[in-house]
Amino acid sequence: GDAPDNRQVPHARAFVPSAGMQSRPQVRALYLKAGEEPVILVKSDLCLAFDRLVYDMEAALADVITSPGGARGRVILSTSHSHAAPGTYHGAFHLTLGLDLFDETQYQRLLASLVAAARSAVTAAAPARMGAGIWDGWDPSDEIYSDRRDEDDDLPGPDGKPVGKHKDSRLLVLRVDDKDGKPLAIVNSFPIHGTVSDSDNPLTSVDAPGHIELALEDHFDRPVLVMHLQGPAGDASPRGRGGLGHC
């Protein structure tokens, strides 16, 4: 994109810097343990996950995530795929065309935030109950998200005919309650690209996936953690009202 002004900042290298913040990126963490089997789900408002982050988090959390095999394989990192998120944390060189050049200082700041959120979740753990559900065919009118591109509309479906405009319309929900049945956390998963803010947007934003979390959290009159886990969003654009974009 075009630079919003002539500012010089250390947080952008090959890319133009952001001009401000529409919504503050968040880190959310949910710790679950059944018997001797722990797992921690960590979600961050970033475009892409990075395997080094997972390995470094496992090492940093080895003293609090205890299991027969240690913390290895017990950390699951998810990202929102916001196109208005920072990018210099990612060290895969072939992705620099979309994320900017890697910066070790920025990486370490992000890692510290992820570890801090995870540790807080482990410390706050208490007896809980869980339930899960699947809703096939939800959002049939494309009020929330819709097919993004036309290139795959001619692919054959199970009947051998072109599938036409289509999307993954399965909603998965995990609810965690305290021992009294009051909600503690809600995890949902469906595909929705983080592209309400188009390429001309100069502001950092959690975009559509992050605002889904914020809106659901605001629905409750007590603190409830809401975590959206991104689905197969390559062909799913956000919809809505008020002139929202769907690039």
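What lies over the face of Y107, and at what distance from the ring centre? R52 does, at 4.0 Å. The legends below start from that spot.

The model is predicted, with local features needing pLDDT of at least 70 and side-chain atom pairs counting only at pLDDT 80 or more, while totals for chains, interfaces and linings use all residues. Residues are numbered from 1 along each chain as its sequence is written, and side-chain values use heavy atoms, leaving out hydrogens and water.

**View 1. Y107 has R52 over its ring face and F50 as a ring partner.** A charge is taken to sit over a ring if NZ of Lys or CZ of Arg is within 6 Å of the ring centre and within 35 degrees of the ring normal. The structure holds 6 aromatic pairs. In one of them, the ring centres of F50 and Y107 are 6.0 Å apart and the planes meet at 80 degrees, so this one is edge-to-face. Pairing here means that Phe, Tyr or Trp rings (for Trp, the six-membered one) have centres within 6.5 Å; planes under 30 degrees apart are stacked, over 60 edge-to-face, and the rest tilted. F50 sits in the loop between strand 3 and helix 1 and Y107 in helix 3, so the pair ties together parts that are 57 residues apart in sequence. Both F50 and Y107 are buried (under 20% relative accessible area; exposed is over 50%, partly exposed in between, with a 1.4 Å probe and protein chains only).

**View 2. Helix 3 (residues 104-123) has its buried residues along one face.** Helices (H or I, at least four residues) and strands (E, at least two) are DSSP runs, numbered from the N terminus. Helix 3 has 20 residues and should span 28 Å at 1.5 Å a residue; its end C-alpha atoms are 28 Å apart, which agrees. The expected span is 1.5 Å times one less than the number of residues. Buried residues of helix 3 include Q106, Y107, L110, L111 and L114. Down the axis of helix 3, the buried residues fall within an arc of 165 degrees, so they line one face; the arc is that of the directions from the helix axis to the C-beta atoms. They pack against strand 2 (27-34), strand 3 (37-44), helix 1 (51-60) and strand 4 (75-79), where contact means heavy atoms within 4.5 Å. Turned away from that buried side are the exposed residues T105, R109 and T123.

**View 3. Helix 1 packs its buried residues against strand 3, strand 4 and helix 3.** Those buried residues are L53, V54, M57 and E58. Viewed down the axis of helix 1, they fall within an arc of 135 degrees, so they line one face of the helix.

**View 4. W135, W138, Y145 and F190 are linked into a cluster by ring pairs.** The rings of W138 and F190 have centres 5.0 Å apart and planes at 70 degrees, so this pair is edge-to-face too. It links distant parts of the chain, with W138 in the loop between strand 5 (128-136) and strand 6 (145-147) and F190 in strand 8 (residues 183-190), 52 residues apart. W138 counts as buried at 10% relative accessibility, and F190 does at 4%. Y145 also has K167 over its face, 4.0 Å from the ring centre.

**View 5. S67 is in the loop between helix 1 and strand 4.** Is S67 buried or exposed? It is buried, with a relative accessible area of 16%. The S67 side chain reaches the backbone oxygen of G70 at 2.5 Å and makes a polar contact with the side chain of R74 at 3.4 Å. A polar contact is a pair of N or O atoms within 3.5 Å; within protein, one must be able to donate a hydrogen and the other to accept it, and residues adjacent in sequence count only if both atoms are side-chain atoms. Leaving aside neighbours within four places in sequence, S67 is in contact with E36, P38 and R74.

**View 6. S80 lies in the loop between strand 4 and helix 2 (96-99).** At 0% relative accessibility, S80 counts as buried. Not counting residues up to four places away in sequence, S80 touches K43, S44, D45, L46, P209 and Q230. P209 is one of the buried residues of helix 4.
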